[in-house]
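User: I am new to reading structures. Please walk me through this one in short questions and answers.

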Amino acid sequence: MKPISKVAEAVRASTTMAVDSMAKQMKADGLDVIGFGAGEPDFKTPDNINMAAITAISEGKTKYTPAAGIIPLRKAIADQLKTDCGVDYDYTQIVVASGAKHSVYIALAAVTNPGDEIIIAAPFWVSYYEMVKMTGGTPVIIEAGEAQQFKITPQQLEAAITDNTKAMILNNPSNPTGMIYSREELQQLADICVKHDLYIIADEIYYKLVYDGAEFTSVVSLSEDVKERTLLINGVSKSYAMTGWRVGYCAANKQLAKVMANFLSHSTGAPSTISQWAAVEGINGPQEQVEKMRIAFEERRNYIVERMNSIPGVSCIMPNGAFYVMMNIEKLVGRTLGGKLIENDDDFAVAFLEKALVATVPCSGFGVKNFVRWSYATSMENIKSGLDRLEKFLAE
């Protein structure tokens, strides 16, 4: 047969999903695995959202919708962006897609030509790198280490820009680090993007999950110049525990919104009609459950960070948002754990899963070495048990 697509063949599997799949298989085999891999809230979707979906079915709201999504949802999103972020979008500037991940892909497809360079800060969510390649672009990685709180500096951004640079991806709050850029830090980065006429693909899916009373700043709120060149990604998955409903969106200028809607019309179309009506209720309905989840995540974060830093051989810094913590395993490299020589984070994650039955995510796939990501989107009981197992695993 003729060769398959070189683009498709070059796409690597998601490391987060790979670890999660391995853990689920081990669980299916009867092993008592505790999972800290996949990034989704362990809470149930709130009842009012579920009922809105049931009502949509009973009322026959099960037909095709416009490619960009139903108007009530797009208007609800525009209203929420005004309330939460202080920015004005017309509903025609909102394009709904099948999750925030899909929205990132559609945004990249809208701006990327073959050979365009797209800047990504490392550590990065693993799919950014692959999606840039899938849309014909060239990923350009800026490394932001633990010493700088995993955040790139204006000097690093300026140095990475070439004549081929088309955009930068800005994930704030960050997956996998949980770190947040301040308003001042965002302004410095955004000014450079405006200066060099770059697009900003701003993934703010975790924007409601910030802690310690920190104030979240959306990059689009900085100025009209910044807003005009930004493709703002968000959705309902993390804030409303709706990961499986697959509803995300992109807010952008009208030209880009039209291009993305056209792209969707010839590929997937809009997400499930029922999911869209559920998302309307999520955004317009009571928000108490959102705050309850945020408080629970903050309590879990406080525990996991304090406990992890008390265990010899590992450490972490305090994340400001999302629901991840980056465990530094540099002191473990060269040791033998669980009968396996630990040469890197991949070795550690495999040994930890096989010996201690704890699933974490090695961060080599996120563009950083010798770190392992823990998701604290799981029960406090699981967190305590997982850290007990870590302590025992390292002591053996």
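Analyst: Start with a definition: buried means under 20% relative accessible area, exposed over 50%, and partly exposed in between (1.4 Å probe, protein chains only). This is a predicted model, where local features need pLDDT of at least 70, side-chain atom pairs count only at pLDDT 80 or more, and totals for chains, interfaces and linings use all residues. Residues are numbered from 1 along each chain as its sequence is written, and side-chain values use heavy atoms, with hydrogens and water left out.

User: Does T336 count as buried or exposed?

Analyst: T336 lies in strand β10, residues 336-337. Helices (H or I, at least four residues) and strands (E, at least two) are DSSP runs, numbered from the N terminus. The relative accessibility of T336 is 51%, so T336 counts as exposed.

User: Which residue of β8 is the bridge partner of N234?

Analyst: N234 sits on one side of β7, with T230 and L232. Two strands pair if DSSP finds at least two bridges between them. β7 and β8 (residues 248-251) pair in the antiparallel sense over 4 bridges. In β8, the partner of N234 is Y249.

User: How many residues of strand β7 are buried?

Analyst: Look at both faces of β7. T230, L232 and N234 on one side are buried, and L231, I233 and G235 on the other are buried too. For β7, residues 230-235, the count is 6 of 6.

User: Why is one side of β9 left without a neighbour in the sheet?

Analyst: The open sheet has 3 strands in the order β9-β14-β13, with antiparallel pairing. β9 (324-328) and β13 (361-362) stand at the edges, so each has a single partner strand. For β9, 5 bridges link to its antiparallel partner, β14.

User: What angle does helix α12 make with β9?

Analyst: Helix α12, residues 288-308, packs on the sheet and touches β9 and β14. Contact means heavy atoms within 4.5 Å. Axes are lines fitted to C-alpha atoms, for helices over the stretch in contact, and angles run from 0 to 180 degrees between N-to-C directions. The angle between α12 and β9 is about 5 degrees.
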